[in-house]
Amino acid sequence: MAEEVAEYVIKYRLAREGMELLGTILALDDFDPEADAVALQDAISGIGTDEDKIIEILANRTNEQRQQIKFKFLSSFGRKLQEELRDEVRGSLEKTVDAMLDPPAVYDARTLREAMKGLGTDENTIIEIMCTRLNAEIEAIKMAYTAIYERDLAEDLENETSGNFKYLMLAICAGGRDESGEEIDEEKAAADAQELFDAGEDRWGTDENVFTRILATRSFPQLRATFLAYNAVAGCDIEDSIRDECMGDLQDGYLAIVSRSREVGQYFAEILHDSMRGVGTDEEKLIRVIISRSEIDLKRIKIAFFAKYGETLHSFVDGDCSGDFKKMLLAILHGENDEE
């Protein structure tokens, strides 16, 4: 089930997103899953663990290739690679390896469950995932969530969130974003911009239903055109209006959609910077973004990071992390065919 979900998402990205993938991890041409499985078994057998070999293999294989290694490891040695590595590596490296060996949809599903279970809800993590994924990714996450937990993602979102933010999450979870074509409809963009203006700046109170409907159902490129048209109608950016008209998690959700639509690289660059600034590091967030974007647009994120902060993402990670955890992240950031 998990492998089918991962394959579905990968195929969709290639066929539908209509963009050149700018990840740092590319498929290895001379890939031999059995050789990798044997090398990983050698790395964890006997006294001590060869973390460098683990990093060398996992950081230079796509997720699809890692799934093949997992299968070959099980069929060759009768043991699950993911469980074996959990026993051999610790701390932040263990979390990173675990994330890399999950299919993307499974990893997102596990992350969402962690964000909602127990006391309190991590709305920021929910927003980061739900407000940035494509329809097929949302559908794959829902499938994985049900397969792993025997629970319904929409029902859990409904129970763990509230107010207009809940309705935004449920609308996105329905997977109704119009991604049928690559062409921008300028007339629709102008009409949506006017409708957003009428629902917010041009009335007493805010009609959140209009904002949710447009932000949850238009494609990200179409929204980008809408926000340009909005500036001409309202005389200000859509972000300014959202901050004036909304608050709390709803505001954060709307702003995440706007930022992701305008420039996806900058959106994730800001999240990465936030994970490392100040005292302490939000390792969960750092791992999540680097792993989840490593095959999609991590190169774009690196460029956006340097443009915004005047320092490379590589140097930020190098100064903020340590040990084998740092080695793994830097190996992913650099990539086999990438230049820092």
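**Helix H13 and its two neighbours**

The angle for H12, residues 186–199, against H13 is about 150°, with the axes 8 Å apart. Axes here are lines fitted to C-alpha atoms over the stretch in contact, and angles run from 0 to 180 degrees between N-to-C directions. Helices are DSSP runs of H or I, at least four residues, numbered from the N terminus.

This is a predicted model, so to speak: local features need pLDDT of at least 70, side-chain atom pairs need 80 or more, and totals for chains, interfaces and linings use all residues. Numbering starts from 1 along each chain as its sequence is written, and side-chain values use heavy atoms, without hydrogens or water.

Who touches whom? On the H12 side we have Asp192, Glu195, Leu196 and Ala199, meeting Val210, Phe211, Arg213 and Ile214 of H13; contact means heavy atoms within 4.5 Å. That contact has five nonpolar, no polar and three charged residues. Nonpolar is Ala, Val, Leu, Ile, Met, Phe, Trp, Tyr, Cys and Pro; charged is Asp, Glu, Lys and Arg; the others, Gly among them, are polar.

Now the other neighbour. H13 (residues 208–217) packs with H16 (residues 248–262) at about 35°, axes 11 Å apart. Glu208, Phe211, Thr212 and Leu215 of H13 make the contact with Leu250, Tyr254 and Ile257 of H16.

Last, confidence: mean pLDDT, the predictor's per-residue confidence from 0 to 100, is 92 for the chain.
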